[in-house]
Amino acid sequence: LQQPIIDNPRSAARQQPTKTEKPHAVTAASNTLFFGNVYWGRYINEWSAKSGLMYAYPFSRLSEFHRDQYDAWIAGLECPVTAGANPTAAQEEATLSFNCRPEYLSEAAKWFTAFTLANNHTDNQGVSGFTETQQQLEAVGIQYLGSYDPRDLANLCDVIALPARITDSAGQTTAGTLPIAICGYHGFYMIPPAESIAVMREYASYMPVIALPHMGTEYKPAPDQIKTDTYRAMIDAGADMVLGDHPHWVQTSESYKGHPIIYSMGNFIFDQQLAPETTRSAGVRVEFTVEGADRNQLAKWLALGKTCATYHDDCLAKAKASKLTKLPYNYHLSIIGTDNAGKLVKPASPAVQAGILERLGWSQTITALQPPYSGE
């Protein structure tokens, strides 16, 4: 006879399918490369016309930097980009009034995520030229920040949608965005006033703040005391790091209160072929990582990041309204040497790389960094 089946509550419980938890974001990381001066006017425009590559010419060796290994490239664009002005190289040389033709932008957009416009040349075509520059960048999807006027408090900083890689609890990695604040300071004609530097405090309570100042005496290997004091004041005002340009030379670096300061990264894409000092530069690789964050906070920050690619967006206001707290970021820095001797920028040779590191005093700087900063 067939035996009756006796229900076993414990057995039935074991046979119930377990509820599968939906994967959630666990870590976020962005491998970002910061560069110094970028410019494609004057002699670069002439070289481009003769090259046969035209608007792709200035960027034609950038693939050697392995762009696919980075989530973002950010640099300082040292010229307005307008359609109406086409000065010759001789005219730009004589007047030092620049313009970069907009036809190059579709090529630039293949490489660069964002530009700071805080320098002494972005107003060379007037206020209308500066506005057009912003519009031209927006049209090709390059984010931008900063103003030629350091007293223009509303335009110093902007929240940037930083491309990032998100790893979830199932071990899967997908693309995402992290909101970070980048603040540009033009200090060539005047020292950025204290109230402009203080603008960073508001952002620093919620997200990473990167200061990209443009100031100091040109063609010098180290900053003067005014520049040193100003850059240190930026750290005191909440900047997580300061990465400078303008002098057209690589300058020294330091760890100030455990934070990295690079006083000048030098020329990245530029036409100054005068000497090795003006053809080499320090690209600064910053690996932003978030680990151990509150699950809900991380999810909210990632959702917010998707909305931060617009200039003058309301990302900071939304972070405040949502009572978000600053994520636990770690920052790992390294130097990628560049060399544009021979007109086209390319990775630095071992000898040029060694000279860049020596000028920076990089080994001393990274030794003095304090958590959450590290370097190599």
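The legends below describe close-up views of a predicted model.

Residues are numbered from 1 along each chain as its sequence is written. Because the model is predicted, local features need pLDDT of at least 70 and side-chain atom pairs count only at pLDDT 80 or more, whereas totals for chains, interfaces and linings use all residues, and side-chain values use heavy atoms, with hydrogens and water left out.

**View 1**
D158 belongs to strand β5, residues 157-168, where strands (E, at least two residues) and helices (H or I, at least four residues) are DSSP runs numbered from the N terminus. D158 is buried but has no salt bridge, and the nearest side chain of opposite charge, that of K318, is 13 Å away. Here buried means under 20% relative accessible area, exposed means over 50%, and partly exposed lies in between, with a 1.4 Å probe and protein chains only. For charge, Lys and Arg count as positive and Asp and Glu as negative, while His and the chain ends are not counted. A salt bridge is a side-chain nitrogen of Lys or Arg within 4 Å of a carboxyl oxygen of Asp or Glu. A polar atom of the D158 side chain lies 3.0 Å from the backbone nitrogen of H312. Leaving aside residues up to four places away in sequence, D158 touches Y144, L145, I180, A181, I182, T310, Y311, H312 and D313, a contact being heavy atoms within 4.5 Å.

**View 1. The disulfide of C79 and C100.**
A disulfide is taken as a pair of cysteine sulfur atoms within 2.5 Å, and by this rule the count comes to three disulfides. In one of them, C79 and C100 have their sulfur atoms 2.0 Å apart, and the link is left-handed, with -105° about the S-S bond. C79 lies in the loop between β2 (72-77) and α3 (89-95), and C100 in the loop between α3 and α4 (105-108), so the pair ties together parts that are 21 residues apart in sequence. Both C79 and C100 are buried.

The sulfur atoms of C157 and C183 are 2.0 Å apart in a disulfide, which is right-handed because the torsion about its S-S bond is about 110°. This pair links distant parts of the chain, with C157 in strand β5 and C183 in strand β6 (residues 173-186), 26 residues apart. C157 is buried at a relative accessible area of 3%, and C183 is buried at 0%. C308 and C315 also form a disulfide, with sulfur atoms 2.0 Å apart, and its torsion of about -115° about the S-S bond makes it left-handed. With the bonded cysteines of the protein chain numbered in sequence order, the pairing reads 1-2, 3-4, 5-6.

**View 2. The buried face of helix α12.**
In helix α12 (residues 350-360) the buried residues are Q353, G355, I356, R359 and L360. Seen down the axis of α12, these buried residues fall within an arc of 160°, so they line one face of the helix; the arc is that of the directions from the helix axis to the C-beta atoms. On the other side of α12, P350, A351 and E358 are exposed. The buried residues of α12 pack against β9 (253-256), β10 (259-262), α9 (276-279), β12 (280-290), β13 (329-339) and α13 (362-368). G361, which follows α12, has a positive phi near 65°.

**View 3. Helix α2 and what covers it.**
Helix α2 (residues 42-51) has R42, I44, N45, W47 and S48 as its buried residues. Among the elements that cover these buried residues are α3 and β11 (267-269). Just after α2, G52 takes a positive phi of about 90°.

**View 4. Salt bridges between charged side chains.**
The count comes to 15 salt bridges. One of them joins K320 and E202, whose closest N and O atoms are 2.3 Å apart. K320 lies in helix α11 (residues 315-321) and E202 in helix α7 (residues 199-204), so the pair ties together parts that are 118 residues apart in sequence. K320 is partly exposed at a relative accessible area of 32%, as is E202 at 40%. The side chains of K110 and E107 meet in a salt bridge at 3.2 Å, N to O, in which K110 is exposed at 53% and E107 is buried at 18%. E277 and R280 likewise meet in a salt bridge, at 3.3 Å, N to O. Salt bridges that share partners also join R42, E93 and D271 into one network.

How values were computed: A polar contact is a pair of N or O atoms within 3.5 Å; within protein, one must be able to donate a hydrogen and the other to accept it, and residues adjacent in sequence count only if both atoms are side-chain atoms.
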